[in-house]
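Have the model open beside you and try each task before reading on.

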Amino acid sequence: VLYHAETVWELYVARVVAGVGGGIIFTTVPLYLAEIAQDEVRSALVSLFNVFFTAGLLLEYLVGPYVSYWSLVWVSCVAPVIFFICSPWIPESPYFHLQHHYDQKAYNNLTWLRKGASDEQITEELRKIKESLEEAGNNKGSVMDLFSRKGNRNALLLSCGCIMFQQLSGINVMLFYSQTIFQLAGQFSLDPSESSALVGVILLLA
């Protein structure tokens, strides 16, 4: 859509599509990583998701000022295309297979994910996963529980409020138009493209 966009409305459509895709990614990827990771590396692995997200912004800042609009679109497509090609080889999580009572598939996938682990370790981890799934099933709630219970309602309002105020703060405008902002701000020792790249580096390190 971005490559063939010739009007502002086509860019709006592309932004909506990107927003929907981003929402799906930010929901499913951390969940998948949490389900396949070992306890001792789970938090670090999930944190890498945000690292790669900011690395993508940095790539745009580094490449964008020096190539055409259409070239930047092609550069931005490289990582998604590679992911799409490799996605058939991404294993389902053991949680998914156990939820659907595919015990052997869960065992095979967990064995692949835990290369070098003994059969006893694999069996023990599968047992813990089953216990957590059973506990989750016993405590299964409904969408209405988010609104009918005060604690859930407060948590929902707090989380949605944080996201809403983050977006309304103008962070996306600052990120997407950083080079233009630096151009309008006046003279700096760095040119606007270098200043934007510095913003990307700071985001990555943060």
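**Exercise 1.** At what angle do the axes of helix α5 (residues 103–113) and α6 cross, and within what distance do they come?

*Solution.* A word on the model first: it is predicted, so local features need pLDDT of at least 70 and side-chain atom pairs count only at pLDDT 80 or more, while totals for chains, interfaces and linings use all residues. Residues are numbered from 1 along each chain as its sequence is written, and side-chain values use heavy atoms, with hydrogens and water left out.

Step 1: the two axes come within 10 Å and cross at roughly 125°. Axes are lines fitted to C-alpha atoms, for helices over the stretch in contact, and angles run from 0 to 180 degrees between N-to-C directions. Helices are DSSP runs (H or I, at least four residues), numbered from the N terminus.

Step 2: that angle makes α5 oblique to α6. For the classes, under 35 degrees is roughly parallel, over 145 roughly antiparallel, 65 to 115 roughly perpendicular and the rest oblique.

Step 3: on the α5 side, D103, A106, Y107, L110 and T111 make the contact (heavy atoms within 4.5 Å). Their partners on α6 are D119, I122, T123, E125, L126 and K130.

Step 4: by class, this contact has 5 nonpolar, 2 polar and 4 charged residues. Ala, Val, Leu, Ile, Met, Phe, Trp, Tyr, Cys and Pro count as nonpolar, Asp, Glu, Lys and Arg as charged, and the others, Gly among them, as polar.

**Exercise 2.** Classify the packing of helix α1 (residues 8–36) and helix α2 (residues 42–63).

*Solution.* Step 1: their axes lie 9 Å apart, at an angle of about 150°. Step 2: α1 and α2 are therefore roughly antiparallel. Step 3: α1 contributes I25, F26, V29, P30, L33 and A34 to the contact, and α2 contributes R42, L45, V46, F49, N50 and F53. Step 4: 10 of these residues are nonpolar, 1 is polar and 1 is charged.

**Exercise 3.** Which helix gives the most to the lining of the second largest pocket?

*Solution.* Helix α6 (residues 119–138) does, with 6 residues. The lining as a whole divides into 5 nonpolar, 2 polar and 8 charged residues.

Key: Helix = DSSP H or I, 4+ residues; strand = E, 2+ residues; numbered from the N terminus.
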